[in-house]
Every structure is written in C-alpha cells, then in structure tokens.
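Trainee: I would like to learn how to read a structure like this one, feature by feature. Where do we begin?

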Amino acid sequence: TSTSSSSTTTTTGSDDGDAGDEPRALRLTPAELAALAADPPGDPAPPYIHVVTDARDAERVASILTSSLCRGRVFACDTEVAGIDIAKESPCGHGAVISFTIYCGDDVHFGAQGLREGEAPVNQLFVDTLLGGDADAAAPIFAAFKPFFEDATILKAWHNYSFDRHVLGNAGIDVKGFAGDTMHMARLFDSSRGRVRGKGYSLESLSNDAEILLGSAAAAAES
C-alpha cells in the first residue's frame, strides 16, 4: 500500500531498476532520512510480531514461508514506502520499500526460540528494510525473501497490489502468485464508499469500519 505518512518525499537519484534484477534497496536522500528520523519512535513490537532486521534472520524466516508447513496457504502481504510523492510520481522507478509485513495464519511461529507449553506463536512478520538508511544492509534481506515473493505457486493477497508490485520491483523482485487485492474487493463490495460516503478505500479506513468488519464476521459465520 501507499500511505500518507511514508510517501511525502521525493527520490531524486537514478538508483532504480527493473524487476528481475539483483535485489537491492533504493537509496534515500539525506533529507528523506532526516524526515523519517524526525518521527517519534513507536511502541515496542507486540509479542506476537517478529521483527526481522538482518540477513541471517531473514533467511531463517523466509525458509519457513517456503516450507511444507506453509504450503497451500494464502499470505497477506503489505509494504511501507518512502521517497515518493504519490500525487506526482508513479511507483515505477520511484519509492523505496522501508518495511514489509507478512501473515499466513495464527498457528505459524516465526520466533527465533521454540515455543514452550502454553506460549502463543509469534505469527506476524515485520521486516525492516530501512535500517537507518543502510541500503547495503537491506539488499541481502530483499534477496532472502525474493524466492518467496517470486514463487507463483505461493498465493499472496495485497491491498493496492499494483503499487506494492511496482515498489518491490524497484528492489529487483518480480512478484508472482497473485491471490487478490482487498482494495478492489472493497470497491466491489461498496462502490459508493469514496465519493458518496466519504470514507475511502485505504486499509486504515476499511479496517476501522465496523460495518465492513461485522459484515465479514457474519458472512464467515454463515459459511
């Protein structure tokens, strides 16, 4: 997805590439890094989220995603991006992925330590590819997840897929295995949401809409 909080700056260099190249991170300008650093630090990650910050852990976690344990699942994926002005620029060759998230079920454990009796799995992934602006450190992290993202047999659902696919393409990843786009599903569910009702189709807006959430719960209960 593209978000207002992470898409207000503009990348000026020419360090962009086509999908299929060796994975790498676009380099943010000093001004863009300073803008990101000015944001107040968030709360520590909840215990059910595993944060990846180095290549070794990225390889370990990516091997779980492509293992037999996760075969047959649909993976929810999302990106956060900086270095793009979405009012003026397309994601083709613009925008650096500063993090991405993956989820595929409550029962999958991504924690570095094994589960002890009674413990809940650490079942959500947050992958940090900003790393203080160190594009060289981010490149092997992208490389570790490249086989997962490029495997057409591993189905993935997105929110605004075309944007996510292009910004990952900027990092040399040719995303395959499309399963669905929740933004366009929301448009099919209620095409008047934007202009008539003024709510929009952002992930934040949809996930905070009780009508959407209750409707989904009711449909699941009936099935």
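Mentor: First, the ground rules. This is a predicted model, in which local features need pLDDT of at least 70 and side-chain atom pairs count only at pLDDT 80 or more, while totals for chains, interfaces and linings use all residues. Residues are numbered from 1 along each chain as its sequence is written, and side-chain values use heavy atoms, with hydrogens and water left out.

Trainee: In what order do the strands form the sheet?

Mentor: Strands of a sheet pair through backbone hydrogen bonds, either parallel or antiparallel. Strands (E, at least two residues) and helices (H or I, at least four) are DSSP runs, numbered from the N terminus. Two strands pair if DSSP finds at least two bridges between them. Here six strands make an open sheet with mixed pairing, in the order 1-4-3-2-5-6. Strand 1 and strand 6 are at the edges with a single partner strand each, so one side of each has no neighbour in the sheet. From one strand to the next, the twist averages 25 degrees.

Trainee: Why is strand 3 called largely enclosed?

Mentor: The term rests on relative accessible area: buried means under 20%, exposed over 50%, and partly exposed in between, with a 1.4 Å probe and protein chains only. Six of the eight residues of strand 3 are buried, so the rest of the structure largely encloses it.

Trainee: Which strands does helix 3 touch?

Mentor: Contact means heavy atoms within 4.5 Å. Axes are lines fitted to C-alpha atoms, for helices over the stretch in contact, and angles run from 0 to 180 degrees between N-to-C directions. Helix 3 packs on the sheet and touches strand 2, strand 3, strand 4 and strand 5, with its direction at about 50 degrees to that of strand 3. Helix 4 lies across strand 2, strand 3, strand 5 and strand 6, at about 65 degrees to strand 2.

Trainee: How many residues of helix 4 are buried, and what covers them?

Mentor: An α-helix has 3.6 residues a turn, so residues three or four places apart point the same way. In helix 4 (residues 161–170), seven of the 10 residues are buried, so the helix is largely enclosed by the rest of the structure. Among them are Tyr161, Phe163, Val167 and Leu168. Their cover includes strand 2 (74–82), strand 3 (96–103), helix 3 (135–150), strand 5 (155–158) and strand 6 (178–181). After helix 4 comes Gly172, with a positive phi near 85 degrees.

Trainee: Which residues have the most contacts inside the largest nonpolar core?

Mentor: A nonpolar core is a set of buried Ala, Val, Leu, Ile, Met, Phe, Trp, Tyr and Cys residues joined through side-chain atoms within 4.5 Å. The largest one has 35 residues, and Phe75, Ile102, Phe145 and Phe149 have the most contacts inside it. Helix 2, strand 2, strand 3, strand 4, helix 3 and helix 4 each supply at least two residues of this core. Helix 3 gives the most, seven residues. Apart from this core lies another of five residues, including Met183 and Leu206.

Trainee: How many disulfides does the structure hold?

Mentor: A disulfide is a covalent bond between the sulfur atoms of two cysteines. The test applied is a pair of cysteine sulfur atoms within 2.5 Å. The structure holds zero disulfides. The closest cysteine sulfur to that of Cys70 is in Cys104, 4.0 Å away, which is too far for a bond. Cys70 is buried at 2% relative accessible area, and Cys104 is buried at 6% relative accessibility. Phe75 touches both Cys70 and Cys104.

Trainee: Is His50 buried or exposed?

Mentor: His50, in strand 1 (residues 49–52), counts as buried at 12% relative accessibility.
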